[in-house]
Amino acid sequence: MSHLQLTNQLAGKGTPLRDRIFMWLLFLSLAIGVFTLAVLLTYVTIKGWPRLDIRLFTNMPSVRDPENAGAQSAITGSIWVISFTALVALPTGVMAALYLEEFARPNSRSQRFIEVNIQNLAAVPSIVYGILGLAVFARALALGQSVITAALTLALLVLPVIIISTREALRAVPRNIRDGSLALGATEWQTAYRQTLPAAIPGIATGTILALSRAIGEAAPLLLLGAVSFITFNPDGVLSDYTTLPIQIFNWTKDSREEFQVLAAATIVVLLLILLAMNFVAIWIRNKTQKRW
Amino acid sequence: MSQLKRTLLAASPVLVAALLLSACGGSNNSSGEDGGSGQIRIDGSSTVYPLSAIAAEDFQIANPGIQVTVGSSGTGGGFEKFCRGETDANDASRPIKDSEIQECADNGIEYAQLTVAIDALTVVVNKENDFANCLTTDQLAAIWGPDSTVSNWNEVDPSFPDEPLPLFGPGTDSGTFDYFTDVINGEEGVSRTDFTPSEDDNVIVQGVAGSKGGLGYFGYTYFEENTDRLKALEIDSGAGCVAPSADTARDGSYTPLSRPLFVYPSVQSLADPNVAEFFQFYVDNDVEIAKAALYIPLSDAAQEQLVTDFAALLNQAGS
């Protein structure tokens, strides 16, 4: 007899029918999400199938020749931008969370102020970060329309999410791990670095990848920051011009020629594959580092 | 070794591989010949974008060392960057505004206006439609306005027969939609929404060809390819009915549904031999580029004038 049934019987309430309706409601909610995703995936894969080949990776975009156009500059551009976003956002976010969770005086006024602000920042629309990035990185710091401007702006965009998820992960580490470490004579720093942080890695990895997945799909702030529509070379440094996959897709869907619609669908599949690969890395890290107490 | 370090080490090849992957093939960062910057930046109107992108594509095939990028942040957004000296040229679907002239002057950016092609929209109806030959811009606004409930030809003009009026138009993302709504409804992006939109002009052709009372609009050159299936309406903006054609578009009499498309190169940038060479290429191949981008090319006389003007401009730039 299952736990639920036993509880119901002991409490003497709940009918099997109501139980079943509730379960079906839960299932239906799940089905709506999964079904939508399945339809979307099937649609873009079928539509993009004729162009889902090596040309997409080896060829540069072309306005003249949709038959042989590829998305190489957008693929490399996306990888450059997201790599530097991770390079900036991951250490900053994890360290900020570590400070807030392990070192800051809990429930002090300043602490609460910072907390509320981080939570609000996580809800700010991405276009606002684009305006900020344009004013600060592109113009004030004179970084121009470059890969690093995009990476820094996207890093700001995902930072609140990384901080919040890292704090959740740190909070889930049992208190007695810290107590044990401190009791054995480790300093607070040693405890945080050698015990608490490693134990929290699975949660941090999951949160970070979700945040970066959001960043790789962003187009709005990058349009403001000067990601270009037509570019036939790969980035060759952090100050290089660039475009990214969402912008290339947006650009192609605007073209009235049918071939470009197919190309856009094929590129969407590539973007989804990159997202899947990123999620795979997160799951892999989680499984490798997961601990049970 | 701590678990954190091990994990970071385990994950690092992924990041390194990603960087290497993106770095390979990106080695063509040579600065161009003749000591120029090797990098040319164009931004501006998404309507002019196809012209500049085709020019950039063709030019880079002939000159692999020079990198040309074309953005499409809109005429206004482009001028903002252009007048700050962030781009070498701006694509524009309207002449530069006074405020933008001032902005450029404040930053010491000199520029020239080159007309590179003509954009024209055509309002089309079914071949079997024998009652409507000419519509005034007011009638078009009554049909397409945001509050319009017109669904029958006899509501447009009492002399028209009782015939349903299904509407077809380009998708709201397109420059054609922006242009049409701007000049007909008075504000860009404002339109009734209960029409059949499509980014694919073919769908509009099929829709209008498939229903006797159908009406739609798209670029003039696309109509030229479908004259056997569709009929173009003449447009009366107050000075009589004018039929769309390459000539009436070029001389400006087919108004307001035709407009010249401009590129504004910066005179300072033209001092760079690579930039000068690119625009020489653009100007020399202008007619062919306009055709490939499905716009109306300049007349022979206008093309000659463009070449002459550009030569004078290069002299001024001292290149």
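Mentor: Let us begin with pairing, for which the criterion is that two strands pair if DSSP finds at least two bridges between them. Please keep in mind throughout that this is a predicted model.

Trainee: What makes strand 6 and strand 8 of chain B a pair?

Mentor: Strand 6 (residues 167-170) and strand 8 (residues 215-219) of chain B are joined by two bridges, and the criterion asks for at least two, so they count as paired. The two strands run parallel, and in strand 8 of chain B the bridge partner of F168(B) is G216(B).

Trainee: Which partner does F168(B) have in strand 7 of chain B, and how do you know that strand 6 pairs with strand 7?

Mentor: The partner of F168(B) in strand 7 of chain B is T196(B). Three bridges join strand 6 of chain B to strand 7 (residues 196-198) of chain B, and because at least two are required, these strands are also a pair; their direction is parallel.

Trainee: Why is the unit made by strand 6, helix 7 and strand 7 of chain B called right-handed?

Mentor: The path goes from strand 6 over helix 7 (residues 175-185) to strand 7, all in chain B, and the unit is assigned as a right-handed β-α-β unit. The term therefore says that, with the strands pointing away from the viewer, this path runs clockwise.

Trainee: What makes strand 5 (134-136) and strand 11 (241-242) of chain B edge strands?

Mentor: In chain B there is an open sheet of three strands, in the order 5-10-11 and with mixed pairing. Strand 5 and strand 11 of chain B each pair on one side only, and they are the edge strands. Strand 5 of chain B is joined by three bridges to strand 10 (residues 234-236) of chain B, and these two run parallel; within that pairing, C134(B) stands opposite E234(B).

Trainee: How many helices and strands does chain A have, and how many does chain B have?

Mentor: Chain A has twelve helices and zero strands, whereas chain B has 14 helices and twelve strands. Of the 293 residues of chain A, 41% count as buried, while in chain B buried residues make up 43% of 319.

Trainee: What is known about the contact between the domains of chain A?

Mentor: Chain A is divided into domain 1 (3-51) and domain 2 (55-289), with 31 Å between their centres, taken over C-alpha atoms. Six residues of domain 1 of chain A are in contact with seven residues of domain 2 of chain A, and the domain 1 side divides into two nonpolar, two polar and two charged residues.

Trainee: Which domains does the assignment give for chain B?

Mentor: The assignment for chain B gives domain 1 (35-111 + 266-317) and domain 2 (119-258). Their contact takes seven residues from domain 1 of chain B and eleven from domain 2 of chain B, and the domain 1 side has three nonpolar, four polar and no charged residues.

Technical notes: Residues are numbered from 1 along each chain as its sequence is written. Chains are lettered from A and ligands numbered from 1 in the order in which they are written. This is a predicted model: local features need pLDDT of at least 70, side-chain atom pairs count only at pLDDT 80 or more; totals for chains, interfaces and linings use all residues. Helices (H or I, at least four residues) and strands (E, at least two) are DSSP runs, numbered from the N terminus. Domain bounds come from an automatic or database domain assignment. Two residues are in contact if their C-beta atoms, placed from the backbone, lie within 7 Å. Ala, Val, Leu, Ile, Met, Phe, Trp, Tyr, Cys and Pro count as nonpolar, Asp, Glu, Lys and Arg as charged, and the others, Gly among them, as polar. A residue is buried if 20 or more other C-beta atoms lie within 10 Å of its own, exposed if 12 or fewer, and partly exposed in between; C-beta atoms are placed from the backbone.
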